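This report describes a structure for a reader who is new to the subject. Please look at the sequence and the structure below before reading on.

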Amino acid sequence: MSEFSIEARGVSCERDQRLLLDGVNCAVGPGEVLQIAGANGSGKTTLLRILVGISTAYEGQVLWCGQPIAAAAGQYYSQLLYLGHNPGVTLTLSALENLRWYFQLNQIVADQRMREALAALGLDGYEDVPAYRMSAGQQRRIALARLLISDAPLWILDEPFTAIDRGGVQELEQLICRHARQGGAVILTTHHALNLDVPFDRLELAGAPC
Amino acid sequence: MLSAARVPGIVEAVRGTLRRELLLAYRRRGDVINPLVFALIVVTLFPLGIGPEPGVLRAIAPGLVWVVALLSCLLSADRLFRDDYLDGTLQQLLLSPQPAYFMVMAKVLAHWLVAGLPVALIAPLLGGMLALPAGGYGPLVASLLLGTASLSTIGAIGAALTVGLKRGGVLVALIVLPLYIPILIFGSGAVVAGCDGLPYSGHLAVLGALTLLAVVLAPLAIGGALRINMDD
């Protein structure tokens, strides 16, 4: 695994005349897991959106391997797997069709590997069922199947445990541990008390006062 | 151990996006057929409203078919990016290692295939309902084939600008219709020239140039507009 790092330096962000993020610093490299915690409205999602470069209304710097992310975008996005609030599962398409399109953009993957990933997440038999016929948790699992398949070293996950059952939470935690042991990095937001076998950092967002 | 991910080439990504869009269009067949039915009904209304004298209809047919084609394209443009925006697909598209320019182009191409091309193909029927003179059919289809491509592309700019709004419908029309004017002028101009037995290749050449310009430049505007809408 090549060396990589994602780093936020003094990131501040104002939202509705309120200082949402005030000089946030964080850095993640190979093998590291960072949990971003904080109350509702403390700016967790905003910080992730800044880290992946969707949100550009901030002060400070976000660096990928020492370069600003805007300059290193092509390189950065080929190494990044981002799961947002809406993870990009199209309801009119089946589980397999969803994964196929995602990987046609991101990584060369054989169909067989996608079927295996879906099966591992308990979606065998649902490969060709349109996603709108599935439950919220199952739809979420379609998006999580990307984690099993992708070779991207950096995962940025926004509330990945939403709508996932208890067994699924454990599987996902194991997946995160495995990824870290293999030299990957994970940044995630969650309210849930993380139970990981690998050491991880916690960044508490204060949610700046009004 | 993790190895560096092998990123698919642009051709593969464009083909994948195109296939996805066409599949979605197939699953939502109603959305594809409705604008065509709309065009048919509107064209039916005119003889009923103005009276069936062929002389009158013949005079207005070229412009009318073009305006109806334009509105029918507009009708379907509104939804071009909205579903993808709502379910987060658009975010994934912009955060993929693929250049947004070509991904957007693939989406617009798919829109043209399911919205613009069918309008151009049923245009002779619309012309027939309005007693279009025989010389007009050739230039009608040719001008619509060329013109609908830019209608789709420019419509996509409007759709991208309004993607973050709950209801973009009328706003898209207000943004896009003024931009459609040159295409309408040269498109219906070609048909009028054809009806009068005059050469119309000049009109088509200008139309082709406009389309080329739109297809090359619009994806930049569309990509930019989508990024702005993500960034709030």
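In which order do the 5 strands of the open sheet of chain A stand? The order is β6-β7-β8-β3-β9, and the pairing is parallel. Strands here are DSSP runs of E with at least two residues, helices are DSSP runs of H or I with at least four residues, and both are numbered from the N terminus. Two strands pair if DSSP finds at least two bridges between them.

The model is a predicted one, in which local features need pLDDT of at least 70 and side-chain atom pairs count only at pLDDT 80 or more, while totals for chains, interfaces and linings use all residues. Residues are numbered from 1 along each chain as its sequence is written, and chains are lettered from A and ligands numbered from 1 in the order in which they are written.

β7(A) and β8(A), residues 185–189, pair in the parallel sense over 5 bridges. A:I156 has A:I187 as its bridge partner in β8(A). Helix α6(A) lies across β3 (33–37), β7 and β8 of chain A, and runs at about 145° to β8(A).

**The antiparallel strands of chain A**

β1(A), residues 6–15, pairs with two strands that are described here. With β2(A), residues 18–28, the pairing is antiparallel over 7 bridges. With β4(A), residues 59–64, the pairing is also antiparallel, over 5 bridges. A:E7 can be traced in both pairings: its bridge partner in β2(A) is A:A27, and its bridge partner in β4(A) is A:L63.

The hairpin of β1(A) and β2(A) has 2 residues between the strands. The table gives their phi angles and their counts of C-beta neighbours. A residue is buried if 20 or more other C-beta atoms lie within 10 Å of its own, exposed if 12 or fewer, and partly exposed in between, with C-beta atoms placed from the backbone.

| Residue | Phi | C-beta neighbours inside 10 Å |
|---|---|---|
| A:D16 | about 50° | 6 C-beta neighbours |
| A:Q17 | near 60° | 6 C-beta neighbours |

A:D16 has a positive phi although it is not a glycine. A:Q17 likewise has a positive phi and is a residue other than glycine. A:D16 counts as exposed because it has 6 C-beta neighbours inside 10 Å.

Another loop, between β5 (67–68) and α2 of chain A, holds A:A70. Is A:A70 buried or exposed? A:A70 is exposed, because 11 other C-beta atoms lie within 10 Å. The C-alpha atoms of A:A70 and A:V52 are separated by 9.8 Å, and the two residues are 18 residues apart along the chain.

**Domains of chain A**

Chain A is divided into domain 1 (1–79 + 153–210) and domain 2 (85–152); the bounds come from an automatic or database domain assignment. The centres of the two domains, taken over C-alpha atoms, are 23 Å apart. In the contact between them, 15 residues of domain 1 meet 8 residues of domain 2; two residues are in contact if their C-beta atoms, placed from the backbone, lie within 7 Å. On the domain 1 side, β7 (154–158) and α6 (166–181) of chain A each supply at least two residues.

**Chain B and the contact between the chains**

In chain B, helix α3(B), residues 54–77, packs against helix α7(B), residues 137–161, at an angle of about 35°, with the axes 9 Å apart. Among the residues that make the contact are B:V65 and B:A69 of α3(B) and B:L140 and B:L144 of α7(B).

How many residues does each chain give to the contact between chains A and B? Chain A gives 36 residues and chain B gives 27 residues. On the side of chain A, α2 (73–78), β6 (80–83) and α3 (95–106) each supply at least two residues. α3(A) gives the most to this side, with 6 residues.

Terms used:
Axes are lines fitted to C-alpha atoms, for helices over the stretch in contact, and angles run from 0 to 180 degrees between N-to-C directions.
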